[in-house]
Every structure is written in C-alpha cells, then in structure tokens.
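Student: I've got a two-chain model open and I'd like to learn how to read it. Where do we start?

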Amino acid sequence: MNNQDSDEALMLRYQKGDNQAFDLLFNRHKDAIFRYLERQCVKTIAEEIFQDVWMRLVQARDQFQPTESSRFTTYIYKIAHNRLMDYFRHKSVQERVISDAHADDLDQLPVPTQVLPDMQLDTQRKITKLTELIQELSSDQREAFLLREESGFSIQEIADITGVNRETAKSRLRYAFVRLRDGMRGLT
Amino acid sequence: MIDKTQDDFENYLDGNSDLSQLYAKSRNSQAPDNLAVKITEAAHKNPSAARLSAGNRAINKMVLPYAVAATIILSVGIYLAIPANTSDIPDNTNHLAINENVNNLASTSPQQESSSSSQAQLAFRENNTVKAPTQRAIETEESHQLIPPVATESTTPKQLADNTKPKYIETRPAENTIVATKESKDQSVPSQASVEVKQTKDVLIAFSNENPEGIAPQHKQTIEEYEDADFSLDWMNRLAIKTQDNLPATKPASSKLSPDKWLDNISKLHEQKRFKEAAASMTEFRKLYPYYKLPPSLKDAYDNKK
C-alpha cells in the first residue's frame, strides 16, 4: 500500500473492507484531532469525544462520498465539531472549560534549569505564553485558530466545518491572529 | 496600522508567520495509545458488522413501503366489509327472536301461559323497538299519530292497556306486514318473516283479550328505560316531537302542524287582521320553537316588538 495515498482514497479502500487503510488514516490524523479537542475541553471529555468521533466515522463510512469540495479532513473535523457542540449543549456549558489537563501539561513542561541553553528556555517561555493566550481567546476564535494550525484548513473549509459563512470564519481567524500576535509582542 | 495588520494576516494565511512556527513547536500532546488501540480494534471488527448493518438498512428501507401497503389493504378491506348503508342489513334478529318467543309460548303450560304471554309481548315490543316504533314514528308525523307513546306519566297501566296496547298491537304487525309484503313481492312467495309476524300478531291479540290489565308496571318501566336509551342521530327531532306529545291537552291544534305551515296560518290570520288570534298563536309557536326563524312579514310584526 502506498503511504502517499490521499485520505479520500484510503477512506474508499476502508469502505471496501481494507483495515490497513483505516490504520493509515487514523495515524495521520489522530494527534491533530485529539489536540483540536483537548484544547477546547477537559482531557477526559476530549478522550471521550475523540473515541466517539472515530467510531462514528467507522459506522458511517458508507456515507462518505469524496468530492472536490468535501475532503476527508473536512468530513471528520465536521463530525468532531458537531460532537463537541452536542457536548456543550448537553452540559449547558456557556463558557468552554479550559482544560485542566492542559494545566497539567503546563506543569509537565520541562523545568527551566541552568543546564538548558538560553535559546531553549526562551522558546519554552514563548510556547507557554502562546498556550495561555490561546486559552484566553473566545471559543469561536480559538476553534478557528486550531483548525487553521492543526490541519491547515483554508478559511472556506473552516467556515464549512463550523457552519458559518466565509466572512465570519475569516473574521474569527483574523481576531485570533491579532490577539495572539499582540500578546506575543512583548516576548519577541 | 491597519495595513500592517492586514499584511501580517495575509502572511499568516500564507504560512509565513512566526506564530505558526511557534505553535508547531507546542504540538507536544498526542492521542492516548490505549484509545488508539481501542479504536483500531473496533474499526477492524466493524466490517462484518457494517455489512450486516447494510443488510439491515436494506430491510429497513422496505419496512415503510410494506407498512403503508398493509395499511391500505386493511383499510380497503374494512371499507368493503362494511355495507354502505346499514339499513341494507337484513334485520333477521327480530324475526328470529319473534319466532323463538312464539315457540316458547306454544310450549308453556296453561299455568305459565299468562306470564309467558306477557314476556312474549315484552320481547316482541323490545325486538321491534330496535328500529320501531319510536324511530319510525318520528320519521313521519302521520305514523307518529298512529302510534301513541308507549307510556307517559299521565297514563296508568289500565289506560295503557285500554288505549295504547290494542292500537299498538294493531299497528306494529301491520307495519311489519307491509315490510313483509314488500319482501314477498320481490320473492313472489310469502316470506318467513310475514308468517312469523302473523303468528305473533295472533298470539298477542289473544293475549290482550285474556289480559285486559295490559302491560305490567315493571314492563312499562322497562319500555320507558329502553326508549330513553334509544339514541340516534335525529334525537333532537324526537325530542321535539316528545315535547309536543307532552304538552297539555289544551294545546292548540296548530302545534300538530309543521313550523312552516303554522307560520303560514299565522300570516293568514294577520292578513285577515285577526291580530289577537295571530298573537296567541305566535306565543304558542314560540313556546315550541323559540329560535325558529320567522318569515320577514312576521319578523317585522313580532321579533321587532321584542
């Protein structure tokens, strides 16, 4: 099997019963999707939704019809987005919870020591700051930014996934970019 | 400033941004391995399940059409099974019941004859009351006049025996004979129903001669209850006619007329300038038909006065 096969080709193979195609597909996207979820809710919920997203994909794989405008990544991120919205609606969560696990991640960051070169320390400080700034974004802006950064979606694709028009998606991404850039300005 | 922001954003969209590079370095978290194993195992198991579910989907697709077809077939079947006009259903139950009563009467001993005859008479009345006498009597005013009410508060059992029963006995079989005659016209031979009715008539006439006391009070009560329970679509008409029947004896003869004829008579009285009589008649009319619409000529004279 060619590892360079497109996501859509792999999905079509999986529809025909090729399990290896699914493994390839899963390994390509699992981390990005997990981070997309993890940065928007607590880790336990992210794990639950992550599993649910993939199981829904498996169950509904026959319904996937690749087109020029509908890529596999758009398809699965749309499932993830909808599942996340279902969760927020179900829990009546108005403000998306900042991941506790993420705080743990921050704690688990390598402790700056004198052994580390200055450059590494500086980068680590910037990463920590960026992570904090991302959590301070509004939920819509954060989602737009994560979709852009995790999977490189275009503005139109972000609009499709989140169910808004192109201008709204562009505005959200632009505000997110400006806030992060301005927040990072002092460190650069 | 805006231009600079716009330029920066365009650069960011092109992927030439420090922010994107920094974010790329922060991608340190991964999907948990245990979840990954669980998902891939489930995905590998699923093909057979998916094929099965595809089969189920095919079956499920057929469930709705089958359900709709079954409903339509059932509806049509029920529609065809029920006759369009329930009056077309031959009322054999009455004839059978009459026949049974006659046979029972014939087989009773002389001591039991009196009570059996009474039961037979009651059964005859009840069986025939399924469609008559009240319901048929209401259909035409003439037939109503032929058949007096079975029992009213003012009638005693004796009066009922003297006045009501003989007429009734004469009237009901006659009606049934008409029905039977129609049947025999069609079949060119005397029908079983006409024979049964004739037999019953003979038995009941004999009974009435032997029992001038007429219907026992408890039977009278049963008949009243039966009549009370005899609801039908034209109950309002029956109620109106019953109201007419229960009016005092001094009621004007006009009350026997139909409302329109009555109003015509009042109009004629008006034309003849017999206003007092017209007013009295109108008062009586209004007692019986308080909301009946008056013709324009009378409306001006009476409704406007109110």
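Tutor: Let's start with the interface. Buried area is the accessible area that two parts lose on being put together, summed over both. This is a predicted model, and here chain B and chain A bury about 3,600 Å² between them.

Student: How much of that is on carbon and sulfur atoms?

Tutor: Carbon and sulfur atoms hold 62% of the area buried between chain B and chain A. As for polar links, nine residue pairs across the interface are in polar contact, both partners at pLDDT 80 or more, while the salt bridge count between the chains is zero.

Student: Which element of chain B gives the most to the side that touches chain A?

Tutor: That's α3(B), with twelve residues. The elements of chain B giving two or more residues to that side are α1 (2–14), α2 (18–25) and α3 (33–81). Counting contacts, 34 residues of chain B meet 40 residues of chain A.

Student: Now a helix. How do I read its sides?

Tutor: An α-helix has 3.6 residues a turn, so residues three or four places apart point the same way. Take α14 of chain B, residues 296–303: its buried residues are Leu298(B), Ala301(B) and Tyr302(B). They sit on the same side of α14(B) because they cover an arc of only 85° around the axis.

Student: What do those buried residues pack against?

Tutor: Against α12 (259–271) and α13 (275–288) of chain B. On the other side of α14(B), Pro296(B) and Asp300(B) are exposed.

Student: And what is the mean pLDDT of chain A?

Tutor: It's 81, and 81% of the residues of chain A reach 70 or more. Over residues 106–115 of chain A, though, the pLDDT is below 50.

How values were computed. Residues are numbered from 1 along each chain as its sequence is written. Chains are lettered from A and ligands numbered from 1 in the order in which they are written. This is a predicted model: local features need pLDDT of at least 70, side-chain atom pairs count only at pLDDT 80 or more; totals for chains, interfaces and linings use all residues. Side-chain values use heavy atoms; hydrogens and water are left out. pLDDT is the predictor's confidence in each residue, from 0 to 100. Contact means heavy atoms within 4.5 Å. Buried means under 20% relative accessible area, exposed over 50%, partly exposed in between (1.4 Å probe, protein chains only). Helices (H or I, at least four residues) and strands (E, at least two) are DSSP runs, numbered from the N terminus. The arc is that of the directions from the helix axis to the C-beta atoms. Buried area is the accessible area (1.4 Å probe) that two parts lose on being put together, summed over both. A salt bridge is a side-chain nitrogen of Lys or Arg within 4 Å of a carboxyl oxygen of Asp or Glu. A polar contact is a pair of N or O atoms within 3.5 Å; within protein, one must be able to donate a hydrogen and the other to accept it, and residues adjacent in sequence count only if both atoms are side-chain atoms.
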